[in-house]
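Student: Before we discuss any terms, could you show me the model, so that each label can be set against its definition?

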Amino acid sequence: MADLGHLLHDIVMHMDRDADARLSPLGLTLRRFVAMTVIAEHPGITSRQLAAPLGISEPAVSQALKPLAARELIYDASPQGSGRSINWQLSSEGERLFSEARDRLGNDFDDLVRRTGLNPDLLAGQLQSILNELKKPIGEK
């Protein structure tokens, strides 16, 4: 039997590659799509706030967002006089492309899980329990 940690890593690696391939025709990477997802869910989010959900440093966020800003898919919605902090928001073109990208990714993983005879909702709940445990501070584990 294979190591569970290795299997999970392999699944995520394959899912990431598949997502990148599906998003590539739109000129997006999975990381940029994730950034757009967070911005769509939290309009006005700052680069500093984006760093944690993207799992990268604040300077890396700026680099990751440059192509999205250059394509005018996101813009700085900071109120005047707010200083150097940038508050990101999807543009109307960004919203359109985000919707198209989301459609391209679809719910194929749920369908794949069903084809194996497993219940995707049950599996999602089990994985959420594992994630919750991993997120606990070291002393609480």
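Tutor: Let us start at the surface, where Leu4, Leu7, Leu8, Ile11, Met15, Phe109, Leu112, Leu127, Ile130, Leu131 and Leu134 make a nonpolar patch of about 900 Å². This is a predicted model, in which local features need pLDDT of at least 70 and side-chain atom pairs count only at pLDDT 80 or more, while totals for chains, interfaces and linings use all residues. Residues are numbered from 1 along each chain as its sequence is written, and side-chain values use heavy atoms, with hydrogens and water left out.

Student: What makes a set of residues a nonpolar patch?

Tutor: Patch members have over 30% relative accessible area and no salt bridge, with nonpolar side chains (Val, Leu, Ile, Met, Phe, Trp, Tyr) joined within 5 Å and like charges within 9 Å; the areas come from the Shrake-Rupley method with a 1.4 Å probe, and for residues only the protein chains shown count as cover. Helices α1, α6 (108-115) and α7 (120-135) each supply at least two residues of the patch, and the largest share, five residues, comes from α1. Helices here are DSSP runs of H or I with at least four residues, strands are runs of E with at least two, and both are numbered from the N terminus.

Student: Why is isoleucine 11 called partly exposed?

Tutor: Buried means under 20% relative accessible area and exposed over 50%, with partly exposed in between (1.4 Å probe, protein chains only). Isoleucine 11, in helix α1, has a relative accessible area of 39% and is therefore partly exposed.

Student: How do you know whether asparagine 87 is buried or exposed?

Tutor: Asparagine 87 has 17% relative accessibility, so this residue counts as buried. Its place is in strand β3, and, not counting residues up to four places away in sequence, asparagine 87 touches Gly44, Ile45, Thr46, Tyr75, Asp76, Ala77, Ser78 and Pro79, contact being heavy atoms within 4.5 Å.

Student: What makes a group of residues a nonpolar core?

Tutor: The term covers buried Ala, Val, Leu, Ile, Met, Phe, Trp, Tyr and Cys residues joined through side-chain atoms within 4.5 Å. The largest such core has 27 residues, and those with the most contacts inside it are Leu28, Ile39, Leu50, Leu65 and Leu68. Helix α2 gives the most to this core, with six residues.

Student: Why is the pair of phenylalanine 33 and phenylalanine 98 called stacked?

Tutor: Rings of Phe, Tyr and Trp (its six-membered ring) pair if their centres lie within 6.5 Å, and planes under 30 degrees apart count as stacked, over 60 as edge-to-face and the rest as tilted. The ring centres of phenylalanine 33 and phenylalanine 98 are 5.4 Å apart and the planes stand at 25°, so the pair is stacked. This pair links distant parts of the chain, with phenylalanine 33 in helix α2 and phenylalanine 98 in helix α5, 65 residues apart, and both residues are buried.

Student: How do you know that arginine 48 and glutamate 58 meet in a salt bridge?

Tutor: A salt bridge needs a side-chain nitrogen of Lys or Arg within 4 Å of a carboxyl oxygen of Asp or Glu, and the side chains of arginine 48 and glutamate 58 meet at 3.2 Å, N to O. Arginine 48 lies in helix α3 and glutamate 58 in helix α4, 10 residues apart. Arginine 48, with a relative accessible area of 61%, is therefore exposed, whereas glutamate 58, at 33%, is partly exposed.
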